[in-house]
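Morning, everyone. Please have the sequence and the structure open while I talk.

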Amino acid sequence: MKVKQAEFVISAVGPGQYPEDALPEIALAGRSNVGKSSLINRLISRKNLARTSSQPGKTQTLNYYRINDFFYFVDVPGYGYAKVSRTERAAWGRFIEQYLVGREPLRRVMLIIDVRHPPTKDDQAMYDWLRHHDLPIVVIATKADKIPRSQWQKHVKIVRETLGMPKGDPLVLFSSETGQGLEELWALLDESVDWNEGETLENPQE
Ligand code: GTP
Ligand code: MG
């Protein structure tokens with residue numbers, strides 16, 4: 001997939017601000033600081049279009065990035081950030097849930113997991129919730145560069161088992177640092193996302 005054009009569109013704080021052009025949307029969900037924004041930057045080969053930080057809880061809005069005038073990546077605020085108050089967390093939950101359940105153009109949710117550690121209780125709850133709502137999920141086990149290659153398969157197995165993923169459900173081992181998994185992920189999105197009629201990522205109609 002050649003990303004010819006990638007632009008930040010809006011930091012939405014409510015449904016009134018979501019784009020109205022009906023382009024397909026691919027959302028990125030995951031724990032705070034797990035590497036969602038870094039993954040977007042790697043996918044679109046930009047250093048810092050999606051804001052990243054070592055300070056968790058930075059992204060608090062739904063951030064829309066339009067790619068090739070063809071679809072959106074939607075960077076969803078991270079969950080599980082301890083310093084957020086209970087009231088804020090409840091508000092966050094409602095906002096995200098409404099988006100994920102009610103958003104018609106949403107075609108896929110990438111659930112980003114840190115491959116170094118077993119999925120947390122929050123990760124498990126998120127995965128169960130997404131499945132409960134029949135959302136099409138691809139699990140991305142990221143930060144692969146942080147563990148030795150000899151341990152990749154063991155860690156991937158722990159991620160699959162802890163989440164209770166059905167056999168054959170997609171999981172991509174990834175690294176935003178090295179670009180590992182990039183082509184596999186693009187290919188998976190291309191074939192599995194329900195793009196607008198007659199179109200594919202490789203062959204979008206002009
Ligand atoms: P929030 O917006 O706070 O929810 O965080 P986020 O999930 O968007 O994480 P972000 O992309 O900002 O990354 C958090 C930190 O992890 C940054 O310091 C990144 O450089 C680092 N990071 C992300 N992905 C990788 C990766 O694949 N490998 C390595 N080594 N570091 C990574
Ligand atoms: Mg972020």
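Which residue takes a positive phi in the hairpin of β3 and β4? Asn68 does, with a phi near 50 degrees. That hairpin has 3 residues between the strands. Find it on your screen, and we will come back to its strands.

One word of caution before going on. This is a predicted model.

Now the overall layout. The chain has 206 residues, and buried residues make up 50% of them. It holds 5 helices and 7 strands. From the N terminus on, the elements run β-β-α-β-β-α-β-α-β-α-β-α. Take contacts between residues at least 6 apart in sequence: 73% of these join residues at least 24 apart.

Next, the sheet. Its 7 strands form an open sheet, and the order is β1-β3-β4-β2-β5-β6-β7. The pairing is mixed. Which strands stand at the edges? They are β1, residues 6–12, and β7, residues 171–173. Each has a single partner strand, so one side of each is left without a neighbour in the sheet. On average, neighbouring strands of this sheet are turned by 25 degrees against each other, direction ignored.

Strands of a sheet pair through backbone hydrogen bonds, either parallel or antiparallel. We can see both senses around β4. β3 and β4 run antiparallel, joined by 5 bridges. Here Tyr64 stands opposite Val74 in β4. Then look at β2, residues 25–30, and β4, residues 71–75. This pair is parallel, over 4 bridges. Ile26 stands opposite Phe73 in β4, and Ala27 stands opposite Val74.

Stay with β4. How many of its residues are buried? The count is 5 of 5, so to speak a mostly covered strand. Now the side chains. In a regular strand the side chains alternate between the two faces of the sheet. In β4, Phe71, Phe73 and Asp75 point one way. Tyr72 and Val74 point the other way. All of them are buried.

On to the helices, starting with α1. Why do we call α1 largely enclosed by the rest of the structure? Because 6 of its 8 residues are buried. Those residues are Lys36, Ser37, Leu39, Ile40, Asn41 and Leu43. They pack against β2, β3, β4, β5, β6 and α5, which spans residues 182–192. After α1 comes Ser45, and its phi is positive, near 55 degrees.

Further along the chain, look at Thr61. It is found in the loop between α1, residues 36–43, and β3, residues 62–67. Is Thr61 buried or exposed? The cut-off for buried is under 20% relative accessible area. Thr61 has 17% relative accessibility, so it counts as buried. Its side chain makes two kinds of link to mention. One is a polar contact of 3.5 Å with the side chain of Ser11. Another is a polar contact of 2.7 Å with the side chain of Asn63. Leave out residues up to four places away in sequence, and Thr61 touches Ser11, Ala12, Val13, Asp75 and Pro77.

Now two helices together. Two packed helices are described by the angle between their axes and the distance between the axes. Take α2, residues 86–102, and α3, residues 121–132. Their axes come within 11 Å and cross at roughly 35 degrees. The crossing is right-handed. Which residues make the contact? From α2 they are Glu97, Leu100 and Val101. From α3 they are Met126, Trp129 and Leu130. These divide into 5 nonpolar, no polar and 1 charged.

Last stop, α4. This helix, residues 152–163, lies across β5, β6 and β7. It runs at about 150 degrees to β7. In the loop between β6 and α4 we find Ile147. Ile147 is buried, with a relative accessible area of 10%. What is Ile147 in contact with, leaving aside its neighbours within four places in sequence? The partners are Val115, Arg116, Trp152 and His155. Val115 is 32 residues apart from Ile147 along the chain, and their C-alpha atoms are separated by 8.3 Å.

Terms used. Residues numbered from 1 in each chain as written. Chains lettered and ligands numbered in written order. Predicted model: local features only at pLDDT ≥ 70, side-chain atom pairs only at ≥ 80, totals over all residues. Heavy atoms only, no water. Helix = DSSP H or I, 4+ residues; strand = E, 2+ residues; numbered from the N terminus. Buried < 20%, exposed > 50% of the residue type's maximum accessible area, 1.4 Å probe, protein only. Polar contact = N/O pair within 3.5 Å; in protein donor to acceptor, adjacent residues only side chain to side chain. Contact = heavy atoms within 4.5 Å. Axes fitted to C-alpha atoms, helices over the stretch in contact; angles between N-to-C directions. Left-handed = near helix turned anticlockwise from the far one by under 90°. Nonpolar A, V, L, I, M, F, W, Y, C, P; charged D, E, K, R; others polar. Pairing = 2+ DSSP bridges.
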